[in-house]
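The sequence and structure are shown first.

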Amino acid sequence: MSAEEGSVRVDAWVWSVRLAKTRSVAAGLCRAGHVRVNGERAKPAQALKVGDEVRVRQEDWDRVVVVTKLLSKRVGASVAVDCYVDNSPPRPASDPFHLNAPVAVRERGAGRPTKRERRDLDQLSGRRGR
């Protein structure tokens with residue numbers, strides 16, 4: 001279960017502790033620059049050691065974890081939590097306006113909106129006009 005050589009690939013570890021759904025997604029996050037180890041961008045094959053700080057950008061939130069145990073195989077969620085210390089900031093609160101945003105409704109067959117109607121629709125949806 002644990003790596004014997006003292007280091008493991010970043011993409012394998014991120015996948016094995018369930019910070020990414022698949023290993024290929026973990027490697028893609030690394031290639032896209034969404035994974036940082038000790039503040040530096042991490043390539044998928046970069047060696048990870050106990051005590052390293054790993055930042056994984058997920059949607060609009062950074063997961064900040066410190067490695068306490070190295071894994072090369074995926075484990076259950078209850079075991080995975082014991083392999084890192086989570087120092088992540090709290091998730092940002094979702095914007096309540098977008099959850100209850102008004103919806104613009106046009107009559108069927110009304111054709112394309114005029115310039116004035118387009119501006120009104122943009123203002124209603126919160127987009128700025130040009």
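## Backbone angles in the loops

Asn38 lies in the loop between E2 and strand E3 (40-41); helices (H or I, at least four residues) and strands (E, at least two) are DSSP runs, numbered from the N terminus. The model is predicted, so local features need pLDDT of at least 70 and side-chain atom pairs count only at pLDDT 80 or more, while totals for chains, interfaces and linings use all residues. Residues are numbered from 1 along each chain as its sequence is written, and side-chain values use heavy atoms, with hydrogens and water left out.

Most residues other than glycine have a negative phi. Asn38, although not a glycine, has a positive phi of about 50°, and with a relative accessible area of 44% it is partly exposed. Here buried means under 20% relative accessible area, exposed over 50%, and partly exposed in between (1.4 Å probe, protein chains only). Arg18, in the loop between H1 and H2, is likewise not a glycine and has a positive phi of about 70°; its relative accessibility of 39% makes Arg18 partly exposed.

## The nonpolar core

A nonpolar core is a set of buried Ala, Val, Leu, Ile, Met, Phe, Trp, Tyr and Cys residues joined through side-chain atoms within 4.5 Å. The largest one has 25 residues, of which Trp13, Val14 and Val54 touch the most other members. At least two residues each come from helix H1 (10-16), helix H2 (23-31), strand E2 (35-37), strand E5 (53-58) and strand E6 (61-67). H1 gives the largest share, 4 residues.

## Trp13 and its aromatic partner

Trp13 is buried, at 0% relative accessible area. Leaving aside residues up to four places away in sequence, Trp13 has contacts (heavy atoms within 4.5 Å) that include Val54, Val65, Leu71 and Tyr84.

Rings of Phe, Tyr and Trp (its six-membered ring) pair if their centres lie within 6.5 Å; planes under 30 degrees apart count as stacked, over 60 as edge-to-face and the rest as tilted. The count comes to 1 aromatic pair. Trp13 and Tyr84 form it edge-to-face, at 6.3 Å centre to centre with 75° between the planes. The partners are 71 residues apart, Trp13 in helix H1 and Tyr84 in strand E7 (residues 84-86). Tyr84 is also buried, at 13% relative accessibility.

Ala26, Ala27, Leu29 and Cys30 are buried in H2. Seen down the helix axis, the buried residues of H2 fall within an arc of 155°, so they line one face; the arc is that of the directions from the helix axis to the C-beta atoms. Their cover includes H1, E2 and E5. Ser24 and Arg31, on the other side of H2, are exposed. Just after H2, Gly33 has a positive phi of about 85°.
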